[in-house]
Amino acid sequence: MNQVTIIGAGIVGICTAVTLQQRGIPVRLIDEREPGTGTSYGNAGLLSVDSCMPIAMPGMIKKIPKWLSDREGPLSVRPAYLSTAAPWLLKWLKAGFSESGVRRLSSALRVLHRDADQLYLQLLGPKEFAQAFHMTGQLHIWESEQDNDALGRQIRADNGVTPRMLNAQEIQDLLPHISRKVKRGELYEKNGHASNPYQLVQSLFQLFLKNGGQFIRQKVNGISRDDASGQYRIILAAQDLSTSRLVVCAGAWAKRVLSGLHVAVPLETERGYHVCFQPDALQLSIPVLHKERAFGVTPMVDNLRVAGFVEIAGLDAAPDMAREKVLMQQAKMLFPDLELEKKKDFWLGFRPSTPDSLPILGTVDKLPELYLGFGHGHTGITGAPKSAQILANLITNTPNDVDITPYGLDRF
């Protein structure tokens, strides 16, 4: 078959590239950065096969004023960007308005996530998978004793997700260094985390190169299509390429990349931050997610990563440097033994997010052989391998074993 060109060398793009190669299809990959150094570099590294809840939920609108007024809260919107983000934010609220709608979204997320570990095993092989992932579980914790998530608990159960409920003492037994303020938890024993998200992408990238893949490290300045030939023209920083089959996996930059083709996508950037520490700054065996304060702590091979926040401010605004101090304070609150002097770095990344938490996977009307694969929001590592399989099936005219209608661009 003819070569496929993929724009975007993050986790979704590289999984798609290797999946296509495993089917005998030559692939050309384009990115202005080294593979894995964008959003895939600094995320929390979670492989959440039992994750199936969208961000927007019924009743969430009541919490937003409190979040926005709290300087240390989980959500912020830059005032100068509010008018730009408003249409997306309204769609976001609408997506979580009804229980029936949330149930549909949850089922679609479950389909994308439930086999992630097995699909990575197929991509990487047993040896590389064992080095790339630790399937030791994830702990979600709360400081409040009252559980106000009856709907979420029921939806998870309906999707076959049943975490083990832990009380304060059981949490202390599992993690002796955790704060006594923590009152309850949920242990997701089937979940895991990447040893290091960047190294995960790099491992897949080395497979891509070994399989004969071509990588072009240049910025995409524009895309157009010649209707007569059916070729897509890609204007790069230093050359001009053409391809008959194009896959856009450009993450938070997908909206800009597609503008030359006049493809409108409801994509917004949920900016996230992390602070990394030396790996010996705290003894921690599994990732811990603080559900009330919306941050997580993940032990990786070369660092201890504290990641969190949702900041709506677009791709171009400068980082909010105050977030570094807040993340460090919250991590120290959760783990009093954390050695803050062992901090390594501070980072800002750009989650590519749709209003309904589902990625955009599929084709575009009137633009043959154009395929879209982006918008995974908070679950890119988990959703990437199944998304790659869906895209590869579309490209090779292979029937998908799941209903892909929920991920289509035409749902908006």
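**Sheet and helix packing**

Reply: In this predicted model, three strands form an open sheet in the order 3-9-5, with antiparallel pairing. Strands (E, at least two residues) and helices (H or I, at least four) are DSSP runs numbered from the N terminus, and two strands pair if DSSP finds at least two bridges between them. Strand 3 (46-47) and strand 5 (133-134) are the edge strands, each pairing on one side only. Strand 5 runs antiparallel to strand 9 (residues 192-194) and is joined to strand 9 by two bridges. In this part of the sheet, H134 stands opposite H193 of strand 9.

Turning to the helices, helix 6 (residues 116-124) packs with helix 10 (residues 197-210) at an angle of about 40°, and their axes are 10 Å apart. Helix 6 is therefore oblique to helix 10 (under 35 degrees is roughly parallel, over 145 roughly antiparallel, 65 to 115 roughly perpendicular, the rest oblique). Axes are lines fitted to C-alpha atoms over the stretch in contact, with angles from 0 to 180 degrees between N-to-C directions.

From helix 6, Y120, L123 and L124 meet L200, S203, L204 and L207 of helix 10, contact meaning heavy atoms within 4.5 Å. Six residues of this contact are nonpolar, one is polar and none is charged (nonpolar: Ala, Val, Leu, Ile, Met, Phe, Trp, Tyr, Cys, Pro; charged: Asp, Glu, Lys, Arg; polar: the others, Gly among them).

Residues are numbered from 1 along each chain as its sequence is written. Local features need pLDDT of at least 70 and side-chain atom pairs 80 or more, while totals for chains, interfaces and linings use all residues; side-chain values use heavy atoms, without hydrogens or water.
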